[in-house]
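Please keep the structure in view while reading.

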Amino acid sequence: PSLEPLPFDLSTTEVDLDLDGWWSWSVMDTRTGTITGSENMSETSTTASLIKAWIVADYLRRTDDDGRTPTDAKLADLTLIIRDSDNTRTERLYTEVGRSASIKRMVSICDMTDSSPAADRGWSRTNLSTRDTTRLGKCIADGDAAGPEWTDWLLKEMRLVRGVGDFGIRKAFPTSERKQIAIKNGWVDRTQEQEIHVNCLAVADDWTMGVMVRYPINRGYEYGMDNCQKITEALLRV
């Protein structure tokens with residue numbers, strides 16, 4: 001039987017937007033595994049806080065594999081990492097899961113082809129493509145990332161992202177649909193490169209999506225946050 005169409009019009013990968021800088025997008029139909037995206041969907045950018053979804057998942061899966069249960073205090077920390085993008089707690093957790101070894105596990109477990117850790121430069125500098133971002137989304141949704149015990153918990157927390165981190169892909173959807181879309185976004189100013197990097201991951205029932213943008217640092221964060229939404233809007237079915 002034919003599948004219900006996704007909310008995106010993927011008949012062409014050409015998105016006609018006049019945006020400053022570099023940008024990339026990718027969508028996976030998780031029912032078939034088909035990935036569609038921009039011509040540069042295999043090119044990588046630094047993840048910033050988007051990678052926190054994996055770091056939390058990696059901790060939860062490994063803890064369960066060891067026969068342990070996170071304490072209430074630890075779960076409260078993980079909530080703050082996902083919902084509020086707490087950097088201090090992320091840094092502690094990243095060390096706890098082995099730093100770059102965790103990113104290597106992500107590449108292996110989620111069957112990625114483009115991405116890599118940033119050696120000793122930290123979680124924020126992880127190299128990820130939008131094609132692999134959709135694979136990360138599927139890895140989370142399928143339970144491979146966080147494990148069967150904690151997948152629903154993680155997706156629930158990702159649906160509850162709030163404050164400054166709530167932007168991008170799901171904002172392109174009607175208000176009534178947004179609460180069903182799990183997200184994790186990243187945004188950082190790279191003074192060394194004089195760029196701002198903004199990244200968006202979204203996980204829905206039948207699809208996952210990644211959008212990444214890079215542009216001159218003087219544009220500010222909101223430019224990239226708005227462009228993640230604009231790229232998504234350009235792909236939605238009218």
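A residue is called buried if its relative accessible area is under 20%, exposed if over 50% and partly exposed in between, with a 1.4 Å probe and protein chains only. Strands (E, at least two residues) and helices (H or I, at least four) are DSSP runs, numbered from the N terminus. The model is predicted: local features need pLDDT of at least 70, side-chain atom pairs count only at pLDDT 80 or more, and totals for chains, interfaces and linings use all residues. Residues are numbered from 1 along each chain as its sequence is written, and side-chain values use heavy atoms, leaving out hydrogens and water.

Strand β1 (residues 22-29) has eight of its eight residues buried, so it is largely enclosed by the rest of the structure. In a regular strand the side chains alternate between the two faces of the sheet. Here W22, S24, S26 and M28 point one way from β1, and W23, W25, V27 and D29 point the other way.

Two strands pair if DSSP finds at least two bridges between them.

β1 and β2 form a hairpin with four residues between them, and G33 in the turn has a positive phi of about 85 degrees.

T47 lies in the loop between β3 (44-46) and α1 (52-65). Is T47 buried or exposed? T47 is buried, because its relative accessible area is 0%. Leaving aside residues up to four places away in sequence, T47 is in contact (heavy atoms within 4.5 Å) with W123, S124, T126, L128, G186 and N199.
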